[in-house]
Structures are given as structure tokens and as C-alpha cells.
Amino acid sequence: MTTTTFTSRAEARLAVARHVADAVLFEGYVLYPYRASAAKNRLRWQFGVLVPPSWTAAAAEHDVQHTELLMEPRRGATLAVEVRFLHAQRRTVQRALPDGGFETVRELPLDDRVLVPWDEGREERVRLSVDVDELTKTAVVVPFARPAAEETEPVTDATGAVVGRLVRRREEIGGVLRLSASPLDGPYATQRLRVVVENTSDWLPEEGAGRDAALPRSLVATHTLLYLDSGQFLSLTDPPQWAKGAVAACRNLHTWPVPAGEPGSRDLVLSSPIILEDHPAIAPESLGVLYDATEIDEILALRTAALTDEEKREARGTDDRAAAVIDLTDSMPAQMLERLHGAVRSLREVTTSGASALRSPVPDVPGFGAGAGASGVFREDGFVRQDTPWWDPGADASVDPARDHVLVDGRKVRAGSRVVLRPRLRHSDAQDLFVAGRRALVEAVLHDVDGGVHIAVTLEDDPGADIRREQGRYLYFQPDEVDVVDREETP
């Protein structure tokens with residue numbers, strides 16, 4: 001049985017996968033600085049573009065995605081399939097004329113934005129639910145099409161008067177989704193699933209037509225979500241030993257399937273044109289979609305906040321999604337920005353797995369207590385409080401970067417001391433050339449878990465020192481790379 005409706009369970013599970021799939025769908029949709037005039041926003045749609053068959057000979061792009069992977073369905077299992085892509089629509093800007101007509105213009109300035117021509121992405125989905133037992137007997141072929149269309153949207157000024165309009169035009173696109181499954185030889189109830197998505201447009205380009213002419217007839221950022229309601233998929237990256245030969249024989253063209261959802265789950269798959277690791281996830285610190293999924297949110301947020309008012313007006317007029325990015329960064333509180341400033345993922349498992357053990361009484365072992373190597377804050381009742389992970393300075397009551405000191409030439413150096421930087425011994429950073437001999441204020445003395453000491457400083461003549469101090473962005477040197485300022489009385 002084949003339907004286009006999903007169960008509530010399938011809808012809920014696919015929603016989990018879409019959280020990451022959205023990053024695939026909109027990767028590179030509109031790049032910082034989010035303006036149509038930016039050179040890098042003039043060559044768009046870089047991932048998962050399935051062009052019309054007539055165009056593949058003219059460019060190094062493809063008209064098909066082919067996914068193969070292994071699944072172990074239980075009897076009576078149902079497979080939910082959702083293909084997602086963007087349909088590019090061309091937006092032109094028109095100005096209202098006194099006689100009631102409109103004329104196409106290159107830009108239409110408004111109080112809060114400047115509207116400019118732009119290619120928008122309209123999300124499309126092809127959905128299918130199929131009985132796996134039936135799929136092994138008969139392949140499923142589902143043609144789909146989206147018709148050409150034109151829509152207009154009035155543009156009004158602050159008083160509500162119509163000053164222009166946006167005209168959006170979409171070209172007809174067509175494709176086909178093919179599904180098939182075949183059991184593997186051997187004792188395991190394993191099947192090879194094939195999912196093929198093709199662009200079947202019959203569009204023929206005119207002589208000299210460029211990529212811009214093909215894109216409105218293309219499936220853009222194409223990817224596939226799969227959900228098995230009873231059974232599991234096998235990872236192609238880390239399959240069981242017995243399945244490695246069958247996995248090696250899987251044929252994946254212009255896409256790569258990975259388990260999606262929570263680590264350890266095997267009922268979801270995202271087949272993506274961008275190669276991802278198993279169980280990809282959006283960083284919990286990310287506050288919104290910035291359309292540069294491979295970039296660092298903190299850098300994008302800081303750069304976006306630094307745009308001029310005029311640049312922000314153009315970004316808001318470029319696209320509604322770009323306008324949302326501008327609004328997000330303009331309204332981001334300082335504590336939210338601080339959350340973007342790094343996270344140590346590799347230590348999470350160690351911290352979590354050791355938490356229960358650290359709540360047991362502290363053994364009476366010499367040297368086990370406050371100091372390097374302690375994994376928590378020790379209380380008088382002999383128990384460890386695991387409020388912070390062991391690698392956080394706050395986990396060790398004997399560590400206080402704001403008060404700790406280190407001896408340099410027999411003199412104490414701590415927060416508030418003034419030093420001269422002498423990074424002459426190691427030359428490990430090109431920046432050493434610019435800071436050698438300059439005076440600096442010590443902000444903290446830090447001890448790492450290996451027993452090393454690091455002096456955090458800001459340059460005295462740095463006009464941005466207050467900003468660095470507020471954000472915790474310091475320069476770091478070791479004790480033999482600083483001299484205490486003469487006649488300076490350290491605290």
C-alpha cells in the first residue's frame with residue numbers, strides 16, 4: 001500500500017531530522033553580509049542542485065541523486081519518505097506610476113529597507129509512505145511536478161500608500177521519485193534500499209543560455225528523509241562486521257545517507273548532498289538560522305552586528321530570511337553571545353559518565369583532594385559536589401584565576417600586575433612580532449590540568465582592551481615570556 005499521508009509517529013520523527021535537514025536546505029541560501037549586491041551572493045545554489053537533463057552536458061552538474069543503504073525492517077514495517085528541495089523563483093521590483101501602472105526598477109528605497117531583485121527559494125516536498133513488504137515485490141515510481149506561476153505582492157510605505165510591487169515568477173519543474181528494495185543473500189533479514197530522485201524537465205536551453213536560466217527549472221538543495229517505523233537502518237560509516245561487504249557495494253551518487261536523530265537511534269536517515277557524520281546535530285548554542293551552516297555562529301553574529309545601518313537596510317530588502325538574521329543579531333543579548341564562545345564537546349561524555357561516581361564519598365588517599373587532578377568541589381561532609389565538570393576551573397576550589405599568582409624573577413605576578421611582553425623564546429605565533437616589547441596588564445593567572453601556567457593579558461595601548469576584557473578575549477603568555485615592569489609594586 002502506498003499513500004502520501006504519514007502517521008503521527010512518523011511526523012514527529014521526521015520533524016527531529018528536519019532540524020538538521022533545514023541547515024542542508026538553506027546552506028548558502030544568502031551568505032553574510034546578506035546583501036544581494038555582495039559578490040558571493042551572485043553565484044548561489046551550490047549544493048544538491050539537480051538540473052534539467054538538457055543542461056548536464058553544458059555544465060558539471062547532475063540531474064539525478066542515487067541513494068543506497070541497508071535496512072533491517074520487521075514484518076509489516078512501513079517506510080516514510082520525504083524528498084525536500086527549493087524551487088527558485090525570480091523576484092523583480094516594480095515602482096508605482098502616477099497613472100496606476102508599474103515599471104521595473106533596479107531598487108525601491110523604503111524607510112526601513114531597500115528592495116532589490118532577487119532569486120528566492122520556495123520549499124517543496126514530495127512525501128510517500130509505503131509498505132516495505134510490497135516494496136520488495138514491486139518498485140514504486142512517483143512522478144511529481146510544480147507548475148509555472150506568477151504572483152504579485154503590493155509594497156506600501158509607512159503611511160500605507162502603495163509605492164510599488166514585487167513580482168515573483170516560477171518556471172515549471174518536474175521530477176520522479178523511484179523506490180525499490182531487495183533482500184540480501186545470507187542469514188540476516190537485511191534489505192538494500194534504493195532511493196532515486198531525478199529532474200525530468202523537458203526544458204531545452206536557448207543557445208548561449210547560462211546557469212541562471214537553468215536554475216528556475218532545477219531542484220535545489222535536494223535531500224531525502226527516511227523513517228522506518230519498525231526495524232532499523234545500518235550506518236554506512238560504521239556498519240557491523242558482517243555487513244561491511246554489502247555496505248561497500250552500496251552505490252551513492254551526489255548524496256550520502258547517515259543515521260539522523262538522537263545518538264544510538266536507527267529509525268531515521270538523512271541522505272544529504274553535503275557529507276555529514278552519523279547523527280549530525282545543530283549546536284545547542286545556535287540561536288537561529290544564519291545560512292552559513294559551516295561557519296561559526298559567533299563570528300557571523302559579530303560581523304552582522306557590525307554592519308552599517310545602510311547595509312542593514314539593503315539586507316532587509318534582499319530577503320525575508322536575511323531580514324530575520326539582522327533582527328536576530330540586533331536583539332541578541334550579551335549573555336546569548338557569550339554562549340557562542342566555544343564549547344568542549346569531547347569532554348561531555350567523560351563528565352556525564354563520571355558524575356555518579358563523583359557523588360560517592362571521597363576515598364582517604366594521600367594527595368587526593370583539592371588541587372590539580374581533583375574532579376569536583378570537596379565539601380566538609382566528604383562528598384563531591386558535581387555542579388561543574390572536572391575540566392572547568394570552577395570545579396577546583398583551590399583555583400582562582402583572579403587571585404592566583406606566579407613568580408617571575410622572584411616577584412609575584414597576578415591580576416592587576418603590569419608586565420612587558422618578551423615572546424622571544426618560542427616564536428610560535430606571527431603575532432609575536434607585533435607585541436614584543438609592549439606593556440600589558442595581567443587579567444588572570446591560569447593553571448591547566450597538566451600543571452602549566454598561563455598569564456592572560458590585555459595590551460595597555462589597545463583601544464579595544466575594554467571589549468576584549470568584557471568578552472574574555474585575552475592574549476596568553478607563559479611566565480618566561482614576560483618581564484615585570486620596573487618600579488612596579490605588585491599586589
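Student: In which helix does A17 lie?

Tutor: A17 belongs to helix α1, where helices (H or I, at least four residues) and strands (E, at least two) are DSSP runs, numbered from the N terminus. This is a predicted model, in which local features need pLDDT of at least 70 and side-chain atom pairs count only at pLDDT 80 or more, while totals for chains, interfaces and linings use all residues. Residues are numbered from 1 along each chain as its sequence is written, and side-chain values use heavy atoms, with hydrogens and water left out. In the protein there are eleven helices and 25 strands.

Student: Is A17 buried or exposed?

Tutor: Buried means under 20% relative accessible area, exposed over 50%, and partly exposed in between (1.4 Å probe, protein chains only). A17 counts as buried because its relative accessible area is 1%. In helix α1 the buried residues also include R13, L14, R18, V24 and L25, and of the protein's 491 residues 44% are buried.

Student: With what is A17 in contact, once its neighbours within four places in sequence are left aside?

Tutor: Contact means heavy atoms within 4.5 Å, and with those neighbours set aside A17 touches L225, A260 and L268. L225 is 208 residues away from A17 along the chain, yet their C-alpha atoms are separated by 7.3 Å. For α1 as a whole, its buried residues pack against β3 (78–96), β7 (118–131), β13 and β16 (268–272). Across the protein, of the contacts with a separation of 6 or more, 68% join residues 24 or more positions apart.

Student: Where is the kink in α1 centred?

Tutor: The bend at a residue is the angle between axes fitted to the seven residues ending there and the seven starting there. In α1 the kink is centred on H19 and comes to about 40°.

Student: Which residues line the largest cavity?

Tutor: A cavity is a set of points on a 1 Å grid over the protein atoms alone where a 1.4 Å probe fits but cannot get out, and lining residues have an atom within 4 Å of a point. Points are joined across faces, edges and corners, and the volume is the space filled by probe spheres set on them. The structure has two cavities of 30 Å³ or more, and the largest, at about 60 Å³, is lined by V24, L25, E27, G28, Y29, W45, Q46, F47, L86, V220 and A221. Two or more of the lining residues come from each of α1 (8–25) and β13 (220–228).

Student: Which residues line the second largest cavity, and where is S286 placed?

Tutor: The second largest cavity, with a volume of about 40 Å³, has a lining made of S286, L287, G288, L290, D297, A301, L328, M332 and L340. S286 sits in the loop between β16 and α5 (297–305), and it counts as partly exposed because its relative accessibility is 25%. Beyond its neighbours within four places in sequence, S286 is in contact with D297 and L340, and its C-alpha is 8.8 Å from that of E298, twelve residues apart in sequence.

Student: What backbone features are found at P33, Y34 and H254?

Tutor: In the loop between α1 and β2 (64–73), which holds P33, the peptide bond from Y32 to P33 is cis, with omega near 10°. Y34, in the loop between α1 and β2, has a positive phi near 65° although it is a residue other than glycine, and Y34 is buried because its relative accessible area is 0%. H254, also not a glycine, has a positive phi of about 65°; H254 is in the loop between α4 (244–248) and β15 (256–259), and counts as partly exposed because its relative accessibility is 35%.

How values were computed
On a 1 Å grid over the protein atoms alone, a cavity is a set of points where a 1.4 Å probe fits but cannot get out, and a pocket is an open set with protein on both sides within 12 Å along at least five of seven lines; lining residues have an atom within 4 Å of a point.
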